[in-house]
Amino acid sequence: MTNQHRYLPTTDQDRKEMLETIGVSSIKDLFSDIPESTRATKDKAIDLEDALSEQALTRYMKELAAKNTTTESHAYFLGAGVYDHYSPSIVNHVLLRSEFMTAYTPYQPEASQGELQALFEFQTMMCELTGMDVANSSLYDGFTSLGEACNLATSATKKQNVLYSKALHPQAKEVIHTYAYGMEYSVKEVGLNGTRTDMDELKSAIDEDTAAVIIQYPNFFGTIEDLKEIKSLLEDTKGILIVMANPLALALLEAPGKLGADIVVGDTQPFGIPMSFGGPHCGYFAVKKKYMRKVPSRIVGQTTDKDGKRGFVMTLQTREQHIRREKATSNMSSNQALLALGTSVFLAAVGKVGLQEMAQQNLNHAHYVKKELADKGLTVLSDNDFFNEFVVKLDRPFNEVTDQLLDHHIVGGFDVSEALNEEHAMLLCVTEKRTKEEMDQLVSLLAGEGK
Amino acid sequence: MTAVYNDLLFEISRPGRKGYSLPESSVEKTALTDVLPEHLIREEAAELPELSELQVMRHYTGLSNKNFGIETGFYPLGSCTMKYNPKVNEDIARYSGFAQIHPFQPAKTAQGALELMYRLEENLKEVTGMDAISLQPAAGAQGEWAGLLIFKAYHEANGEGEQRRKILVPDSAHGTNPASAVVAGYDVVEIKSNEQGRVGIDALKAAVGPDTAGLMLTNPNTLGLFEVDIVEIAEIVHEAGGLLYYDGANANAILGKSTPGEMGFDVVHLNLHKSFSTPHGGGGPGSGPIGVKDYLKAFMPSPRIEKEGDTYRVTTDHPQSIGRVKGYFGNFGVNVRAYAYIRSMGAEGLQQVSEDAVLHANYLKARLEPYYDTPYSSHCKHEFVLSGVRQKKLGVRTLDIAKRLLDYGFYAPTVYFPLIVEECLMIEPTETEAKEQLDAFADAMIEIAEDAEKNPDTVTGAPFTKAVKRLDEVTAARKPVVTYQRS
């Protein structure tokens, strides 16, 4: 008798009947095509721990989870690309609906209208926020979206050099270097002036071989770059402007599309998606109309059925690998559709006014902490044009401060000492979730009052 | 089906409604005009919807009712392994110790997460027969790309980077294979399948040479057939100086039966959202970890997780690495679910998974063989292909058969793929479907085959019972409307 597993419905009797229909005497006959030398020779080809019951599994996984410090016990002032934000409860409830969660890519649109419409709404909202014409229905994350943007830029301009600011997220830099290694173009860093891109250096770096300039908005150090000025440097060239934007900040900041961006990418993690140790999050990818047919991955379009009723389908599929194979605009197949759905639920709940309120609270909180720290005599390395992140210079070694904060149930900021060539430089993030008590405690500890 | 919900968020929005609440903030307000020049301050608010909480919930419930998931019904989508996604794994991934942790928090405060990743890597090494695993790739296609960049780095390290510029891909391969080769900077050479639906040894021998970087192979292949000559294939490619890449999309057929490592592959990816039960989410997120043999370890994506005594740490000092392919640690939340699945199954359970998946596919194939053309007669692994050529002669296309299945309460198989089979239907039943379900599907397929002869209109006009009828995809592509147009 086979041990019946809770996920497997087939019984020994079923197996017997099926084998009879197939016309073989045992399961082994169905595996006889696997060459002897590559086949399992032992009882178990693979050696794994014994199977756990559901109860044993949850007990064990809880033990593992309990070894991690979480936002339930600690106040996080750590951002640097991943943020601890408010997420309305309904986001999770919608994601748990199995009709969304357990569906595949909507290859049969007539049976996938819910997903397709939700992604169409997602595309619309991303275009609204970024000021762009066309958005796809998500990519793996913000950094891979940026890599895809570099591939698009070099292919569209037929130029081989991509310039990026040193004020770009360090992992985004790593990812675009990998993309460039693949497609064999060059990427070059432009230095800093304080916590922002050095305009003089950027100006002299741009030349006729420039495919694109990448600017983060706000940049990695929290500072809001002047996209209009940067776009003007590209005026007489074929080079295009790629902006990687925090979509929450776009509730307050002018839309990149209005300031000259050709491609806007980023991650919608701030919109209700759990930090989850860095993934799964949700890359977005938006372009001006002229690049529509070069966009990677799935795009949903509106159409009608044969009775004239509105419906939605995946469209412009001749860009994609499952149709075009080696001639596709990208190799992307899976995306992050479920998180795009989560993003939409978040935006639908928070809405037009709510998103501005939430962004304004981030601005208020971060500027409050900055002002308090400055009042206590600490040096703030950022100018005042920041959103919810800024850099402060600590008066003690970084790790010493981090450990002290942990003792007080605070997770401190990200170490940017090397990036800024400053001693003990901490990138702090203050979201709407932080209370005044938490902020005041942080200030007092950083100012050395809590020892 | 009279009252189908059909509104867009933007159509039910009214100014002034809201579906959220933020806490009162007691700190003073910062005026944007005090910190930013005017041209960087948003002039027009983004037109996002304004709705109450119930309206939002009802909207998405309405949409979900127009969507088909695994719990709605049988989902025989070939090469996609639409097996049951255990509910408890959703609970686990939502534990705050997994969901509410930051990738940059100090490693000493994330030991549980790092331990989980380390243990999952160990398990996947065992399952694949490889020597090291990276969990960073977000999906199969990204795993392919990372794997091919490893090929590239390896050949460069051997001074053969300039010389080896070609990736061989069988004509039955997933579309991602050639597409991934291109974004890794390679030229693609297609290998024709032989009459048995497998890689032709002669065609392969003719294609390999000093310019070969490697071969990408799915085994069992997309026709559901095991590449019986795999040992010889590996020898031919290796002797020519190339490497072998295993596309793990079809790994559900071989768990505990064989490993890509034993077959001779050098780099492997697995789709954790296929064989390892994590939900597909309507297109993602997935997770596509890669595994490599010892001699390729140095080129793997960075960072890596290492164990020292009882402590887990993140290491970044890998000078020969291809670098980073994705942010942070990959799709960690997906990896949590996959690990929970492996721990729920154990080695015996995984082996049973493959046995039942293969049994189910062969059973369905046997039941359908009298009614549809089966281009390849040998036993299949976890999936098989039918050809709708017989029905096409009656004026009924494979697309019609797919649409008609929707009316029976099933999702459709993968259609028109692989490209080498005319009017192809690719069927993968998975191990988690009960025999009654398989029989119901077979009965429906048989009835459709009969209708193709007697009542073709019931097939060509399908679907009749869904929220919409057959959609006009041609106009959608010719005149794209990809955002809501306000009137």
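Analyst: In chain B, 72% of the contacts between residues at least 6 apart in sequence join residues at least 24 apart. Two residues are in contact here if their C-beta atoms, placed from the backbone, lie within 7 Å. This is a predicted model, in which local features need pLDDT of at least 70 and side-chain atom pairs count only at pLDDT 80 or more, while totals for chains, interfaces and linings use all residues. Residues are numbered from 1 along each chain as its sequence is written, and chains are lettered from A and ligands numbered from 1 in the order in which they are written.

Chain B contains 17 helices and twelve strands. Both are DSSP runs numbered from the N terminus: helices are H or I with at least four residues, strands are E with at least two. The radius of gyration of chain B, 25 Å, is close to the 23 Å that the globule rule gives for 487 residues, so the chain is as compact as a globular protein of that length. That radius is taken over C-alpha atoms, and the globule rule is 2.2 Å times the number of residues to the power 0.38. Along the principal axes, the C-alpha atoms of chain B fill a box of roughly 75 × 65 × 45 Å. Of the 487 residues, 61% count as buried. Buried means that 20 or more other C-beta atoms lie within 10 Å of the residue's own, with C-beta atoms placed from the backbone; 12 or fewer makes a residue exposed, and anything in between partly exposed.

One residue of chain B carries a record. UniProt, in an unreviewed entry, lists K274(B) under "modified residue: N6-(pyridoxal phosphate)lysine". UniProt positions are given in the numbering used here, feature names are shortened, and annotations may be inferred rather than shown by experiment. K274(B) sits in the loop between β6 (267-270) and β7 (290-292) of chain B. With 25 C-beta neighbours inside 10 Å, K274(B) counts as buried. Leaving out residues up to four places away in sequence, K274(B) touches C80(B), T81(B), A249(B) and N252(B).

Further along, the UniProt annotation "domain: Glycine dehydrogenase C-terminal", also from an unreviewed entry, covers residues 354-454 of chain B. The end C-alpha atoms of this span lie 38 Å apart, and the span is 49% helix and 10% strand. Chain B also has an open sheet of three strands in the order β10-β12-β11, with antiparallel pairing. Its edge strands are β10 (384-387) and β11 (414-415), each pairing on one side only. Two strands pair if DSSP finds at least two bridges between them. β11(B) and strand β12 (residues 424-427) of chain B run antiparallel and are joined by two bridges; across this pair, T414(B) has M426(B) as its bridge partner.

Now for chain A. Its 451 residues are 61% buried, and it has 15 helices and 17 strands. Among its contacts between residues at least 6 apart in sequence, 71% join residues at least 24 apart. The C-alpha atoms of chain A fill a box of roughly 80 × 55 × 50 Å along the principal axes.

Strand β7 (residues 210-217) of chain A is mostly covered, with eight of its eight residues buried. β7(A) runs parallel to strand β3 (residues 161-165) of chain A, joined by four bridges, and L163(A) stands opposite V213(A) there. β7(A) also pairs with strand β8 (residues 240-245) of chain A, in the parallel sense over six bridges; I242(A) in β8(A) is the bridge partner of I214(A). From β7(A) the chain crosses through helix α10 (residues 227-233) of chain A to β8(A), in a right-handed β-α-β crossover. Right-handed means that, with the strands pointing away from the viewer, the path from the first strand over the helix to the second runs clockwise.

Strand β11 (residues 299-304) of chain A has five of its six residues buried, so it is largely enclosed by the rest of the structure. β11(A) pairs in the antiparallel sense with strand β12 (residues 310-315) of chain A over six bridges, where T303(A) stands opposite G311(A). The two strands β11(A) and β12(A) form a hairpin with five residues between them, and G308(A) in the turn has a positive phi of about 85 degrees.
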